[in-house]
Amino acid sequence: MRSSVVVLTVAFGYLALLFVIAAWGDRRAEQGRSLIGSPTVYALSIAVYCTAWTFYGSVGRAAQYGPSFLLIYLGPTLAMLMAPFVIRKMVRIASAQRITSIADFISARYGKSSSLGALVALIALIGITPYIALQLKAITVSHAVLVNYPQAAELRLADESFWADKSFWVALVLAVFIILFGTRHLDASERHEGMVAAIAFESLVKLVAFLSVGVFTVFVLFNGPAELFARVVAAPELTRLMSLEAVPGGALGWVGMLVLAFLAFLTLPRQFQVLVVENVDERHLKRASWLFPLYLLVINLFVIPIALAGLLLGDVSGDPDSFVLTLPLSAGLEGLPLLVFIGGLSAATGMMIVETIALSTMVSNQLVMPLLLRSRHLHLSTRGELAGWLLRIRRVAILLILLLGYLYHALIGDAYSLVTIGLVSFAAACQFAPALLVGMYWRGANRLGAGVGMSAGFLIWAWTLLIPGFAQSGWLEAGFLDQGPWGLAWLRPYALFGLEGWDIYTHSLLWSLTANLGLLVGISLFTRQSPLEQTQAALFTEAMHPGLVQTTLWQGQTTRGELRALLDRYLGGAATARVFATHPDEAADDSQPAPPGLTARAEQALAGSLGSASARVLIDSVVRGEALNLESILSILDTTSETLEVNRRLEQKSSELAHASEELRAANERLRELDRLKDEFVAMVSHELRTPLTSIRAFAEILRDSDDLPDEKRRHFLDVVVRESQRLSRLIEEILDLARLESGRLTLEPQRLDLVALARHSVDAVHRPQENRGVTLEVEITPETAMVIGDPDRLEQVIINLLDNAGKFAADDDPRVLLRLERYKDHYRLAVEDNGPGIAEDERERVFEKFHQIQRQEGGEARGRPRGSGLGLPISRGIVAHLGGRLWVEQAPRLGGACLVMELPEAPAEKLKAES
Amino acid sequence: MAKVLVVDDEANIVLSLEFLMQQAGFQVDTAEDGESALSRIAESPPDLVLLDISLPGISGFDVLERLRGDPAHARLPIIMLTAHGREVEREKGLALGADDYITKPFSTQALVEKVKTLLAEVS
């Protein structure tokens, strides 16, 4: 059933499906309906981080070292959390400069340096080859396990001739597949939408496959996690794995592993490819920054249960790296192992596809093209169509890279476990980190420093990790591992400079990164940058500057025709037409000079295919004159900064102006309102003055004109004239009071006084007139004394006004008024109640408005009660407020009518006053 | 004998107008507010109305408007007698159909003359 034929058919079927998805993705991209324009697809494509190493190796590592494998995933999680600061800037730079790979990125940063680009490409090639070997090994081993189970899948690579070795054929088949896959386009641009779509799909496949094994293991082989862990606890040698102490190298190992994974996540060529080069929209980072860590969490969920289950079941499961396969196989299943195999295949192929494409781009753009362009014999500049060349170079590169991977696999063989090989590659990729990260933030970092630092880091890496691998495989005399070369103990690869007791990765990372970073910084501080390098450094470090134009502007001149011919040769007609379409000019023919923007655009387009260094060389060959140098770029930057600053100030000024005019408008509005209120006040005052005046004049005229008036009537009329005159004077007095109160010119003479005495005095003053009108006036004063600060005359005026009002509004039958004085906290409250109809809730504040008169249902005057001016309460409130108190209306608690309450703060003790 | 209705909420002003009109030989009726003025007019229609504007309840303008809206009183002579001295108020009163608009304080002689003239015009 599990015949090789079935397995191979399924595997090829899967690869064909991938190819279809990729083709579909490319088709959609051409139609402008991109499949990958979604942050979810972007996040899934980043999950190419999880290779066969994750798929098989995590379980292997967990079986050996417990939960330490998680560090490999915490590093990237950390990096994604920092995406808004670091990755976003990388993406911004890469898209502006049409960066094709990490080698191109570093080369572009350090003045589009061909040599630096070549160095990165070379290190990547050497450093990543083991990683590719690892994937080949995983595919071959998993295939062998699947087909041979329950017999052990022994692989004796070195003993067989290569054509009998399945990994050789796997490498070959994949090379063909990747060539079809990644270099289908004539337009060799930096982006591969079809590939990204296929990779995102692969990420789903491996996730589903892994989760299936996990669920099967935990819930079918064991009846849920409870039983599994119960059995683990019963096996003491397994509980050790559950603890955190199993990490090699202890606490330092933890840190080392975390740093390693963090840096490698940013610098591995395939991660840089999906994360930066293939990013179609900077905003996708936002969702990816939590979705990708979530993916990592989910795919690692079952690693420890599977590892523990495999160890518990013992012999049937074989090598820990194969537990995911052997566990379902041991249960006699057919379908699930096949799904797992496909999952592993997808994890391996996903990595190989992206890695190989990224590496082949580097090889063609950073190693081969620059050499070809320099070589005079080839007369490349005079040849015709060159776009095809580029693709052919890449195809050959893909084939060679995979064969190199196979070679490493065959040579090193089983010396290292999956995880070990992976970590060796990680450490190699980390050597790019100083040049990459420092270069993005420190303008001073230069090419020489980057080159020397990276070379030194690489050599230390090779000495401490790569070469020991060869030695352990028996290809080198292993003696130098223990004694050092030529007996020099301080050069021992695993204990460099006598540093012993560290795990090999942290050890290697410490020395290589220290040398790398130290040389980068040190040399940069003491050597100078070329003008182009200064320009590029400025463009990179200031990438997030809002006003930055992310292109080199050309000052030199070339014709449209020359530019068109150049692009035609390297990019083909269609791509050339697209470039020229960005600068349409009907009138221009090919003899016209190309505008600087078009030249820059052409360089970008070339950079997208050939890398920035080669593009630079090519444009240089047709343009007479210089590109804008650093001074110009910086002055553009400064101008932009200045302009921004001026703009900011202008904006500030104009917003200040807007603010001021708004204030003016509001002030004007207030003035208008005041003016209106004043008019209204004057109208009301004149109305109020006219009323008594009318009576006075009318009766005065009557008295003048009527000689025969009976004495009684004459006296009555004269009496009216006198009373109305008094009313007029009172009114004028009140209006003046009000005016003084409102303008703040009211002169009060505050002094300590006893409110109790004052209240009694006021009651005496109104007692007689009230009694005459039949009003019963009651007094209820609780405190002995009530010392407050106030003007006695003014306060008496207020209290009398309140008593008068209460008398006026008391009930017609048995009118009653009650004055209460009581202490309330540190205040005194003087309340005047009546038993009248009371004041409606919504009227209570309005009684304090000027000239507001409470309408009485039954006319008050007819009952001999004087009319008020409508100014008494506003004045009273003004006076009380001046003395720091309050005056308000409420429902009378005792008599049921209106109740006016005056509240004044208690005066400070006399003693205090005397002291001060 | 012609009857004059005095509408005002100031007792002393009512007192003076009552005296003046009686002295001029008219019968006098009084009302303190708009509603009672309207009901007085409905009960026993006067020949002329002296109408204040600021009244408790509905205003003098309201009373005027209602009277002019009623065909029975469309031609009833009405003199606005008010302390509201602003030009806009005067115009409003005349526009609503008042026969005259006299501002307080007023000349008693001029008022009596005006009342006499208006009553003569009607009859």
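**Chain contact, a buried aspartate and a helix crossing**

In this predicted model, 19 residues of chain A are in contact with 18 residues of chain B (contact: C-beta atoms, placed from the backbone, within 7 Å). Local features need pLDDT of at least 70, side-chain atom pairs count only at pLDDT 80 or more, and totals for chains, interfaces and linings use all residues. Residues are numbered from 1 along each chain as its sequence is written, and chains are lettered from A in the order in which they are written.

User: Which helix of chain A supplies the largest share of the side that touches chain B?
Analyst: Helix 29 of chain A, with 13 residues (helices are DSSP runs of H or I, at least four residues, and strands are runs of E, at least two, numbered from the N terminus).

User: Why does Asp52(B) count as buried?
Analyst: Buried requires 20 or more other C-beta atoms within 10 Å, exposed 12 or fewer, and partly exposed lies in between, with C-beta atoms placed from the backbone. Asp52(B) has 28 such neighbours, so Asp52(B) counts as buried.

User: Where is Asp52(B) found?
Analyst: Asp52(B) sits in the loop between strand 3 (48-51) and helix 3 (60-69) of chain B.

User: What makes helix 6 of chain A oblique to helix 20 of chain A?
Analyst: The axes of helix 6 (residues 102-109) and helix 20 (residues 433-441) of chain A come within 10 Å and cross at roughly 45° (axes are lines fitted to C-alpha atoms over the stretch in contact, with angles from 0 to 180 degrees between N-to-C directions). Angles under 35 degrees count as roughly parallel, over 145 as roughly antiparallel, 65 to 115 as roughly perpendicular and the rest as oblique. Helix 6 of chain A is therefore oblique to helix 20 of chain A.

Notes
Two residues are in contact if their C-beta atoms, placed from the backbone, lie within 7 Å.
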